[in-house]
Amino acid sequence: MFRSANKPASPSLLSNRFVQVILMSTLFLQIGIWVRNIATLFYVKEMTNDDAFAVSLISVAEIAPIFVFSFIGGTFADRWRPKRTMVWCDVLSAASILAVLFAMANGSWKAVFFATLVSAILSQFSQPAGMKLFKLHVPEHLVQKGMSVYQTLFAAFMIFGPVVGTFVYQNYGIETAIGVMGVAFLLSVVSLAFLPRDRQDEGEKQKSKVLEDFKAGVSYVWSSIILRKLGSAFIAAGLALGLIQPLGIFLITERLGKTEDYLQWFLLVNGVAMIIGGVLAMSFSSKISPQKLLAFGMTVNSLAFIAMGFSTDYWVTLGLQFISGIVFPCINIGINTMIMKNTEESFIGRVNGTLTPLFMGSMVVTMMLSGVMKNAISLVPLYVIAGLFLLVGVAVIVPLFKLKGGIQPEPEKVAVN
């Protein structure tokens, strides 16, 4: 039997049937997404003779919808019934696969971009709907542990996802890979069928106009001290990660004097560390507040980034990469838990849709500047600057340490739905 946050808690997290269903759905979705990502990458490289611009369009198809549809998707997720929203998003994603296969059968290989674009857009509606259901059916004291499990599953696919995607593409080709993606979405739909029905009033109590909901969402975030500071931390983290993410290959070749193929070991170590970090976070998640967990993760990562910039020893840098990976789940878990605990159910989608673009936007800005800055001031200062950005984010979060419970926005400052 499902339990909402205001009912007696389940004996343990994994005995909560909602968590079981969501994890199963996420498992299928991650299989489909990783097969799509890897197969599309290899296929586009093959069809364009390694055209860097064509390959970059894959990332555009994945990231652009976050800017365009994140707030829109979050707003409609607050207006619509969450279970129905998630199911229809997966159904439409699966249906788009049929259109892609039909187009490819008629000689239009570029249709693979359409599959990536459609699923990325629909995920901006599905993800906040899932967070709303999490808020409804997981007791508050288990939210942080639930986010730890969720993060660990994502970390596992960072390792095994590329392996599965490569195997499917190299052995069966792009058509089968896209078919696997469609089947994975349908299996996710089957999993979601085990969720309880949406409440009858879900999605029907919203009588305001969409534009009014937009304004109410922004007002809600601005009127909450926790969400405002969290938004600032999002920006700081985005600036830091965007600055160094494109430069990992240069850290290996220029600072460490290794060949490009050593990058795979750094990625592997990072993925393994994130799995371990997610498991460790589950064990002590009930003993530390989410704001302290977030600050801890950002502090350790900032010091690791700075040390990685200065290091010229391969094994030392690899060890720092492991340390960075093992605490990185603390950042994701802390952020998601703070959103869940400090946001009313009716605003979950809009809060998520407001904060996510802050992170992605700041990350894209520094990603665009990182190459130019590297040529201007060299690699080491960039890693130091990235570390300092994270420390700024920590300074923003520290004042929240003394807060014991969630703070809701002041009612008079939030527009009424």
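Q: Are Lys132 and Asp78 buried or exposed, and how do I read that?
A: Lys132 is buried, and Asp78 is too. Buried means under 20% relative accessible area, exposed over 50%, and partly exposed in between, using a 1.4 Å probe and protein chains only. Asp78 comes in at 2%, so it's buried. Keep in mind that this is a predicted model: local features need pLDDT of at least 70, side-chain atom pairs count only at pLDDT 80 or more, and totals for chains, interfaces and linings use all residues. Residues are numbered from 1 along each chain as its sequence is written, and side-chain values use heavy atoms, leaving out hydrogens and water.

Q: How many salt bridges does a search of the whole structure find?
A: A salt bridge is a side-chain nitrogen of Lys or Arg within 4 Å of a carboxyl oxygen of Asp or Glu. The search turns up three. In one, Lys132 pairs with Asp78, their closest N and O atoms being 3.8 Å apart. That pair ties together distant parts of the chain, with Lys132 in helix 4 and Asp78 in helix 2 (residues 52–79), 54 residues apart. Helices (H or I, at least four residues) and strands (E, at least two) are DSSP runs, numbered from the N terminus.

Q: Which other residue meets Asp78 in a salt bridge?
A: That's Arg350, at 2.8 Å, N to O. Here helix 12 (residues 348–377) is linked to helix 2, and the partners sit 272 residues apart. Arg350 has a relative accessible area of 0%, so it's buried.

Q: Where does Glu254 form a salt bridge?
A: With Lys374, closest N and O atoms 3.0 Å apart. Glu254 is in helix 8 (residues 248–255) and Lys374 in helix 12, 120 residues apart. Glu254 counts as partly exposed at 47%, while Lys374 counts as buried at 13%. As for shared partners, they join Asp78, Lys132 and Arg350 into one network.

Q: Where are the kinks in helix 4 and helix 11?
A: The bend at a residue is the angle between axes fitted to the seven residues ending there and the seven starting there. Helix 4 has a kink of about 30° centred on Ser123. Helix 11 has one of about 30° at Val327, shortly before the proline Pro329.
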